[in-house]
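Here is a short tour of one protein chain, written to be read with the model open beside you. Take a moment to turn it around before reading on.

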Amino acid sequence: MTELGELRKHYRKILDAGVQVVAVSVDPPASSEKLRRRLDVDFTFVCDEAGTLMDVLGIRHQGGLPPAFITGVRPGEREHDDIFAATTYLLDEEGRVRWVSRPESYRVRAPAREVLRAIEGLSRR
């Protein structure tokens, strides 16, 4: 949520660079839609409640869901308490991974300025 909020501040630059933002989370679609409306962005949200994609990518953070008082998610509402490790990918037009940010801690996200520099670097190639 924090990373998306930061990217929102630079959304015009991102769109001008021809980049589409896709956020993947284990949250149910209704939660993602609520966040999309709150951020007032046209990001694409993909729901992966079962965690299939995070296993394929090897980025499952087991038991990483914050407590209910932070998330509003009560125990037992989800299949598991796992979340995606904070990972940002930039893919090219053919779907090849061109840049990855995966901080050591799940509490750290790629700074928006770092993502923008990576986008600019890809557009110069």
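The notes below go through a helix, the nonpolar core, a strand pair and a loop residue.

## Helix α6

Please keep in mind that this is a predicted model. Helix α6 covers residues 112-123, and at 1.5 Å a residue its 12 residues should span 16 Å. The end C-alpha atoms are 16 Å apart, so the helix agrees with that expectation.

Which residues of α6 are buried? They are Ala112, Val115, Leu116, Ala118 and Ile119. These residues cover an arc of only 160° around the axis, which places them on the same side of α6. An α-helix has 3.6 residues a turn, so residues three or four places apart point the same way. Arg113 and Arg117, on the other side of α6, are exposed.

## The nonpolar core

The largest nonpolar core holds 18 residues, and Leu4 and Phe43 have the most contacts inside it. At least two residues of this core come from each of α1 (2-9), α2 (11-16), α3 (29-39) and α6. Helix α6 gives the largest share, five residues. In soluble globular proteins, nonpolar side chains tend to be buried together.

Setting aside residues up to four places away in sequence, Phe43 touches Leu4, Leu7, Arg8, Tyr11, Val21 and Arg36.

Strand β5 (residues 88-91) includes Thr88. Thr88 and Leu90 make up the covered face of β5, while Tyr89 and Leu91 lie on the uncovered one. Is Thr88 buried or exposed? Its relative accessible area is 11%, under the 20% limit, so Thr88 counts as buried. Beyond its neighbours within four places in sequence, Thr88 is in contact with Glu3, Trp99, Val100, Ser101, Ala110 and Val115.

How do β5 and β6 run relative to each other, parallel or antiparallel? They are antiparallel, and four bridges join β5 to β6 (residues 97-101). Thr88 stands opposite Ser101 in β6. The hairpin of the two strands has five residues between them, and Gly95 takes a positive phi near 85° there.

## A loop residue to check

Asp40 sits in the loop between α3 and β2 (44-47). Although Asp40 is not a glycine, it has a positive phi of about 55°. With a relative accessibility of 61%, over the 50% limit, Asp40 counts as exposed.

Technical notes. Residues are numbered from 1 along each chain as its sequence is written. This is a predicted model: local features need pLDDT of at least 70, side-chain atom pairs count only at pLDDT 80 or more; totals for chains, interfaces and linings use all residues. Side-chain values use heavy atoms; hydrogens and water are left out. The expected span of a helix is 1.5 Å times one less than its number of residues. Buried means under 20% relative accessible area, exposed over 50%, partly exposed in between (1.4 Å probe, protein chains only). The arc is that of the directions from the helix axis to the C-beta atoms. A nonpolar core is a set of buried Ala, Val, Leu, Ile, Met, Phe, Trp, Tyr and Cys residues joined through side-chain atoms within 4.5 Å. Contact means heavy atoms within 4.5 Å. Two strands pair if DSSP finds at least two bridges between them.
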